[in-house]
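Here is a brief report on a structure. It moves from the whole chain to the pairing of copies, then to a single residue.

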2 protein chains.
Amino acid sequence: MKIGMSHGAGGELMQDLISDIILSNIRNTRVNGGVGLEDLDDGASIPLGEYEIVISTDGHTIDPLFFPGGDIGKIAVAGTVNDISVMGARPIAIASAMVLSEGFRGEELERIVRSMDAVSEETGVSIITGDTKVMEKDKLDRMIITTTGIGVVKRGEIVRDSGLRPGDMIILTGSVGDHGMALMAFREGFGYDTELESDVAPVWEMVEAALSTGGVTAMKDPTRGGIANALNELAEKSGVGMVVEEERIPVKEEVLAVSEMLGIDPYEVANEGKVIIGVDPEYADEVLDAIRKTRYGGEAQIIGEVNSERHVILETRLGGRRILEAPVADPVPRVC
Amino acid sequence: MKIGMSHGAGGELMQDLISDIILSNIRNTRVNGGVGLEDLDDGASIPLGEYEIVISTDGHTIDPLFFPGGDIGKIAVAGTVNDISVMGARPIAIASAMVLSEGFRGEELERIVRSMDAVSEETGVSIITGDTKVMEKDKLDRMIITTTGIGVVKRGEIVRDSGLRPGDMIILTGSVGDHGMALMAFREGFGYDTELESDVAPVWEMVEAALSTGGVTAMKDPTRGGIANALNELAEKSGVGMVVEEERIPVKEEVLAVSEMLGIDPYEVANEGKVIIGVDPEYADEVLDAIRKTRYGGEAQIIGEVNSERHVILETRLGGRRILEAPVADPVPRVC
């Protein structure tokens, strides 16, 4: 068996690889009964005294390094801050390991480091340790940044992606497909003709607004594989189904245009500044209001409701119903 | 300015790169007064309640992936466990982010994951979360593993690389140059003719033995740049000098042989299972005995003494004295 691009693109093929080769060969996968490796959540946790330390790690191989709306540095820090956030933990620190290709330009590195610093400053998350390696130029294309985030939450208050219950409302914090489509359009050379930008941004402010309102039962950020993947993961892990309404899922005009031109479903591509939040119905309107008051949450919507069935059902604009399946892989590789 | 191989090989060039481009552009570098980015220690720390969380991250680009004595999986977990250990913290968990080249063979990946598991099992350190990405085969040579370690120590008991005081004894836990020379010999094609193996191993048992005896003032594991780099870093950061005796520094016959054949100084190449420990002289013999009783510490030696001068002085076998300088870079690139 050989590794293919789709093994790293989210979706089912990646999950098979992880189960068959990685999980089946590792014996010690959790600490003190915290969230562990085989939970395949956005991160793991280590209960310690009255706290729970939340850890998440992500290798960033995005191509191109600079794109409309951001660069690899911004996505590396924001993406990891987001993985910590959706576990319900306040992100506090980042460890950053860079591997650079020989010949990489110092000016580009500086630009990337400044982007990392900007997200660090915006979120109050410190970059506390790092590592730098260099590979021969024929062995690595430009650079990889692996960021590991550390967050803290009061013991017992962690939010899992398996916590949805029938009756919960599903909140989506904004429009979908922006990141994946912006990258794809840029790669195909018509990025400059559109207004389309990646949505890469830290989601902590929105998450904090939701958590402090109350009633949050589950969260996930829809990155690789898009909302199609994230909604299905949430449903499967929680052992529930849900109905979501197409007309309530915001998709920008430009995203739709690129989507149609390339034949790529905007629900299946990565977002980098959005969260899907399951909320107790009693709190749903209040949580929605709180999110809408934040910097990135103005277009948040309640997009659906959890039920006790087994599928993610999409109610289309025309009133039809279809199963929204998890993609086999993100159709746009190397976007995060 | 363009990045060269030597910018990632330990030593002065790497320190310049880090200071000029990375440190000067990042504003938030520590949390709660813990050890932070600009301390350039083996890791960072986050004080939390009665504990201090220690974090260290390392990208592993080693070439070849499989070598006498280990493979990239073993070095990824052991190396990170070691960075946590030398901060005086008990390593408890690892986060692992893999980037694989398209076409990478599943059987090789499985072998590597099993090596990671073996070190995890030996040390009791759990692998609690991970990430998998795939890059096109012309963009990445085989694989990179970035491991981030999490350790815990009682608040105030962290060990720094800046803690040496005049009068302290310097303990080295075993022979030097094994890893770098084994890799170099193997690359040059005469690896199979020698008994030479990498020393890659977790050092926590030795560190724990030293800490529980008492009197430890500073620690560092001499990886990139070898003991020449590590001794100079310890001295510089502590604002002290030291005299070390060549005849007390164990170097294996095979290491010397390869060293002479290739013209590479064994003091300047990476070790992956050794520690340099500064100890209060009253405790030195007892710490030495404790280390010698551990699995990897049988050949530990007191190699020198700290003074209030400013250099690392090597007393040669012939009774001469010379300054042992930090190398500009590890002369054997991509070995860890």
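Residues 24 or more positions apart supply 82% of the contacts in chain A that have a separation of 6 or more; contact means heavy atoms within 4.5 Å. This is a predicted model: local features need pLDDT of at least 70, side-chain atom pairs count only at pLDDT 80 or more, and totals for chains, interfaces and linings use all residues. Residues are numbered from 1 along each chain as its sequence is written, and side-chain values use heavy atoms, with hydrogens and water left out.

Overall values for chain A:

| Property of chain A | Value |
|---|---|
| Box of C-alpha atoms along the principal axes | roughly 55 × 55 × 45 Å |
| Accessible surface (Shrake-Rupley, 1.4 Å probe) | about 11,900 Å² |

Carbon and sulfur atoms hold 44% of that surface.

Now the pair. A rotation of 180° with 0.0 Å of shift along its axis superposes chain B on chain A, with RMSD 0.0 Å. The two copies are therefore related as by a two-fold rotation axis. The superposition is by least squares on C-alpha atoms of residues with pLDDT of at least 70 in both. In chain B, Leu140(B) comes closest to the axis, at 2.2 Å (C-alpha). The same surface serves both copies: 100% of the contact residues of chain B recur in chain A.

Thr29(A) is buried, with a relative accessible area of 9%. Beyond its neighbours within four places in sequence, Thr29(A) contacts Gly36(A), Leu37(A), Glu38(A), Ser126(B), Ile127(B) and Ile128(B).

Key:
Chains are lettered from A and ligands numbered from 1 in the order in which they are written. Buried means under 20% relative accessible area, exposed over 50%, partly exposed in between (1.4 Å probe, protein chains only).
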